[in-house]
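Thank you all for coming.

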Amino acid sequence: MEWCRDFKFQMIRLEWERIFLHFEIESNYPGPEQPKFVLARFRRAVINQKQVLKKGAEPILELQINETVELVPESCKDNVYSFTLNLSAANGREFLDNGQWRIAAIVPEGFCVSSVTTELGYHLDERSRIFRYGRGKYAYNLSFSLTCFDGENLELYFNNYFMIMNKKWRKRKYIKEAFSFLGKLNRFYMFTVIRLIRIFYHIAAALTPKNGKRILFMSETKDYLWGNLKYIDERIKERGLDKEFKLSYAFRTAVGEHTSILSWIKTVFRVARQDIIFIDDYAPLFGFFKLSKRTKLVQVWHAGEGFKSVGYSRFGKAGSPFPSESCHKAYTYALTGSKNLVHVYEEVFGIEKDAFLPVGMPRLDDFLDKEKIDEFRKEFYSRYPALTGKKVILFAPTFRGTGQKDAYYDYEQLDLKQLYEFCGEEYVFLIKMHPFVSDPIEIPKKFRDRIFDFGDYPNINDLYYITDLLITDYSSNYYEYALMKKPVLFFTYDRHMYELTRGVHRSVKECAPGKVCDTFAEMMRALREQDFETEKIERFVEENFGEYDGHACDRVIDKILLKKES
């Protein structure tokens, strides 16, 4: 059946009355025939947004419908249809079967899936229900989720599942349940591999005496030393402590990538021999086994304070960690840039307050060093002489999509002609995309003397030294930049969609330390009028960097390596 987006069927009300679910759908469908409403369970609804946006085509979905249940409106007035769904008799005298269901209207033009208003979307979590039965050992769960395929409509689906009590919930299930022969074979293979990793780790750890002197710097997302890890490593050497401690390194891009058995053996062997391990990002390896009690795992985290949800702040959404034994729960300590961030990362990592060390961000130790800034600016302008004497606007948004494999950015949101004309002879516009976004922006040759692609530039923090205005969105890059007390604009063309589907820690509109622009026109108006709401950045710096002194590395070393009490 063809997916139709010519007409809008939008849910404007959703309320409970015990086991009855009341809702209203508003439509702009002109008729003349009345639409037929159904609840539909799909086997597949797939879209490649990255490819669609690249081609500039309309979203095309591949649909395979397993089952439909007719919904009969109780009334219709001014194109608003009212429904009551009895959960216990939603399908004849039956409940709906397990799965994801969508409300849809069938019209001669095709299949129209119901969306929701953004106002209702913010309250859907409050509408979720758990119905326990069988002396509390069983439960029927109905929750609501949103997705956005076309960048405009928040499409709604019901998560309808019957569940049973899991007495062994602490045992993480790494591999999904399988029903086909090949699926079961693959599941057995993965189960065996993880068990072998555990056994190998514990044997190697038991055979290696721990003296508190072995330190490993490790990343599973980058194959080189950078950021907080680099600064801690350099400071250890500056203090001459590399003569007292044995430093080693393990860097690979294992997250979301296929890695060899030999790579796994080497990494697990290195981990097993360590007393202290510093990591800077998500490292699923530490969810596969429990570290020796004699080994300390320290998460230095690569980001400051962003808006997008990560870790357990995404629990219940796609890509969220398991309830128990996630790698985040393996940390002995986690560093934060300030005391104010402890509450944020409590939610992200799902660990207790006492595990956090608000010592500051190591990579910011010499961030404001005038000699370093002058030296960088001199080197930078000798390399890019065309930018000399220009005011720099740095455009650095985060990616869209669920992760590295499908990351993209909708370049159609940028009118390069308008940006070029605004720049004139005074400004240049540098575009630094998130490293997950593999497709570079295409800049017409006639715009390349004012608009530049800096996607391959290695360190965004260095670019802050020549930047006069940062434009970002939900990324954490504004956190470090704020320390320079220069203005930030937030271009959030998909703010409602992003907040309601990807998830954020807190409202961007209410909490961003700068002006929030939901449209390109708003952003251009802010640029022309120099309306950046700079008072917000001043307040943000005061609240988050009040204790900044440029000695975070020393505090990390003193606390963790030398065991000094502050």
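I will go through a sheet and its helices, then some salt bridges, and finally a surface patch. Please keep in mind throughout that this is a predicted model.

Let me begin with the sheet, which is open and parallel in its pairing, and whose six strands follow the order E14-E13-E15-E16-E17-E18. At its edges are strand E14, residues 246-251, and strand E18, residues 356-357, each of which pairs on one side only. Within the sheet, strand E16, residues 296-299, and strand E17, residues 333-335, are joined in the parallel sense by two bridges, and if you look for Val298, you will find that its bridge partner in E17 is Tyr333.

Two helices lie across these strands. Helix H5, residues 227-238, lies across E13, E14, E15 and E17, and runs at about 160 degrees to E14, while helix H16, residues 552-561, lies across E13, E15, E16, E17 and E18, at about 150 degrees to E15.

Now to the charged side chains: how many salt bridges does a search of the whole structure find? The search finds 30, and some of the residues concerned are linked in a network, namely Arg235, Glu238, Arg239, Asp554 and Asp558.

A pair in helix H8, residues 370-383, is Lys370 with Asp374, and these two residues are four apart, about one turn of the helix. Their closest N and O atoms are 2.8 Å apart; Lys370 counts as exposed because its relative accessibility is 60%, whereas Asp374, at 39%, counts as partly exposed.

Other pairs reach further along the chain. Lys390 forms a salt bridge with Glu425, with 3.7 Å between the closest N and O atoms. Because Lys390 lies in the loop between H8 and strand E19, and Glu425 in the loop between helix H9 and strand E20, this pair ties together parts that are 35 residues apart in sequence. Lys391 and Glu426 also meet in a salt bridge, at 3.0 Å from N to O, and this pair likewise links distant parts of the chain, with Lys391 in strand E19 and Glu426 in the loop between H9 and E20. Lys391 is partly exposed at 37% relative accessibility, and Glu426 is partly exposed at 40%.

Finally, the surface: Phe95, Tyr133, Tyr138, Phe162 and Ile164 make a nonpolar patch of about 480 Å². Of these, Tyr133 belongs to strand E10, residues 129-133, and counts as partly exposed because its relative accessibility is 39%.

Note on methods: Residues numbered from 1 in each chain as written. Predicted model: local features only at pLDDT ≥ 70, side-chain atom pairs only at ≥ 80, totals over all residues. Heavy atoms only, no water. Patch = residues over 30% accessible without salt bridge, like charges linked within 9 Å, V, L, I, M, F, W, Y side chains within 5 Å. Areas by Shrake-Rupley, 256 points an atom, 1.4 Å probe, with all protein chains shown as cover. Salt bridge = Lys/Arg side-chain N within 4 Å of Asp/Glu carboxyl O. Buried < 20%, exposed > 50% of the residue type's maximum accessible area, 1.4 Å probe, protein only. Pairing = 2+ DSSP bridges. Contact = heavy atoms within 4.5 Å. Axes fitted to C-alpha atoms, helices over the stretch in contact; angles between N-to-C directions.
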